[in-house]
Amino acid sequence: MLQQIIQILPQVLVDGLTLGFIYAVVAIGYTLVYGILELINFAHGDVFMTGSFIGAGVLFFLMSIGFLSSVPSLIVFIIVILIAALATGFLGVGIERVAYRPLRRRNAPKLIALITSIGISFILEDVVRFIAELKTGNYIITAPSLFKTQYHLNIHSIMPFFHNVTFQASFLVVLVVTVVMLISLDIFVNRTKWGMAMRAVAQDRETASLMSINVNRVISVTFFIGSALGGATGVLFMIQYGTIDPYIGFILGIKAFTAAVLGGIGNIRGAMLGGILLGLMEMFAAANLSTITHGAMGAEYKDVFAFIILILVLIFKPEGLFGKAVVEKV
Amino acid sequence: MNIKRLIPLFSIIVLILGVISGCASGSAGGGSKAKTVIKIATQTPLSGPEATIGDALKLGAELAIDDQKAAFAKKGFDLQIAPYDDQADPKKGVANAQLIASDSSILGVVGHLNSGVAIPSSEVYDKNNIVMVSPANTATAVTDRGLKTVNRICARDDFQGPAGANYAVNTLKAKKIFVIQDKTAYGSGLAQAFRDQAAKLGAQIVGYEGITVGEKDFSGVISQAVAQKPDLIYFGGVYAEGGLIIKQARQQGLNIPIMGGDGMDSSATVQIAGDSVKNFYFSTVVGDVTKTAKGKKFADDYKAKFGKNIESYSAYGYDSASVLLQGLMNAIDKNGGKLPTRQAVAQAVRAITNFDGIATKVGFDSKGDNNFAKIYIYKFNKAAYPATQVSEITKK
């Protein structure tokens, strides 16, 4: 039993990391907004989904003008991800302007904003579905794959207790891009003036505004960054899995939110680690549950496994792995 | 003030008058004909995501009714079609069934597409003795309830899984099979039936795993499959997940045959899986009718009349309606050329044992299942839909 688990461990790590990094970046979107507004922005999962669709749209457009064949796919990818990130960034700012700011101005209870975010999530899903169906006649979109090269890591010959690992070039792209995003966000929040302003607003909105910080603008910037990261991850998701539909944001959003809670909501590094952990746990469970339980529980219980761990962590550390009991967010 | 209130009142009155006059002219038009009207209802989704297939079923039935119109006119009956839209929704299906029951000129129903809609609706038909011939409902419960009015011309779900298993073990010589299902009633039912039959035939089931509908990453399950080194993977589920499973399995280097059920019978499977779809097999209840001369003629007639190419289910709509009309004709003859009761029609339809349709021969057993129903196995040789039919398996 143990032997089999160890054999497929490298492959599980590769797949788990892919999923985990995607969770991690989406989780940051939740954690940023929560840190500043104490609002769980349920629409974030669908911003991620919208990003993947915008990416697919741009990709199809570039393909139709013959751009794809003349330029290396890495450049195409960078163009696509930048456009998608910008578009979803502004989408996030727009959502905040239209839906959340009026509520905040009227001092509406936080629950109202939460419900509004669920409403926005439905609107996004159906608008995207409508447009996709109008354009292609089918709302399940399959994007052309950019990074198809397969790599075989021959670990088996070096360490005979492992099986070999197979992955696509897109795995490396996902890994590199998410790590770059995570590190630059960390630097942005901790080292720049805007980052300092964000942390200040998160700590105390009123006092921050007294220190001549434009709170509304900081909130807009936060939404822009969170949504742009989410949208860019949507593009990565599309590149990695190839197929997208308007409902991918729902399950993934909930899991990313869970990851944020696991890491301690409001804490950026916590969200990163929570996402990676959740991805690894899920993939480990999917690959090994039936081996461990001798077929009594199959891979379909992977979410149960992952969430039991979440509950256990929260019982012993309710503020999450990285959260601090005191109020210090972002 | 008063005028403002009167405007909507007037508009409502005008609307009501319009509706009434519309009805009046309709009934006057119907009454002017001397022949007795017989209507055959169709109940399929004509709107929503499944409208393409629902419409194909309806058009097939319409063609059958038009073909038989002259024969019925000779006997003094005016044959008409009454299409209903069940929206693939059980509630709507039952509501329509009530409407159908209250229209005494309707003597039979061709429908439905979805078993979930057919089961509650057929309860209503049965209460009113209206015979139903289903072109596409494969769920076992449709006929297993033993209703006298419910018949189907397609195969049953519990035949599809075993048929697939027979093909996998006997023809593809699979010895170690890894089964994946999507935890839905359809997917897990199919996968279980497949697993049991494959095990009975001597194949070793090296894994039986579930996935969640709506997810996109199945690499966990796939790496487990890789570790077990199977020589065939069976997937019970629908194309949205199945396409990705095929693709991700190929990415991890599993170039073995993969097999699925009729939920994979869609052009979207090719779209999602791309080139990986090669060497993928699926079983389905719908055969390729254009292989026979009769079927080709049907396809041409269909195209000439409706301006559309046939869908795989069109011929089943046609055959269902034809069987129904055959039963109706028998009932009329038995009744001395007079209009038979609904009950008599239901009995006459059930009594059919040897009817030669376009897509399939039809003969009902005591439950209303078709004795001649077949399962067809298709294979993708290239990344293009439709796939190639490689085998057909008859129940007997």
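1. Strands S6 (residues 176-181) and S7 of chain B pair in the parallel sense over 6 bridges; two strands count as paired if DSSP finds at least two bridges between them. Within this pairing, B:Tyr208 of S7(B) is the bridge partner of B:Val179. Helices (H or I, at least four residues) and strands (E, at least two) are DSSP runs, numbered from the N terminus.

2. The model is predicted: local features need pLDDT of at least 70 and side-chain atom pairs count only at pLDDT 80 or more, while totals for chains, interfaces and linings use all residues. Residues are numbered from 1 along each chain as its sequence is written, and chains are lettered from A, with ligands numbered from 1, in the order in which they are written.

3. In chain B, an open sheet of 7 strands with mixed pairing runs in the order S7-S6-S8-S9-S10-S13-S14. S7 and strand S14 (388-394) of chain B stand at the edges with a single partner strand each, so one side of each has no neighbour in the sheet. On average, neighbouring strands are turned by 20° against each other, direction ignored. Axes are lines fitted to C-alpha atoms, for helices over the stretch in contact, and angles run from 0 to 180 degrees between N-to-C directions.

4. The contact between the chains takes 28 residues from chain A and 27 residues from chain B; residues are in contact if their C-beta atoms, placed from the backbone, lie within 7 Å. On the chain B side, the elements giving two or more residues are strand S7 (204-210), helix H8 (219-228), helix H9 (239-251) and helix H10 (267-273). H8(B) supplies the largest share, 6 residues.

Conventions. Contact = placed C-beta atoms within 7 Å.
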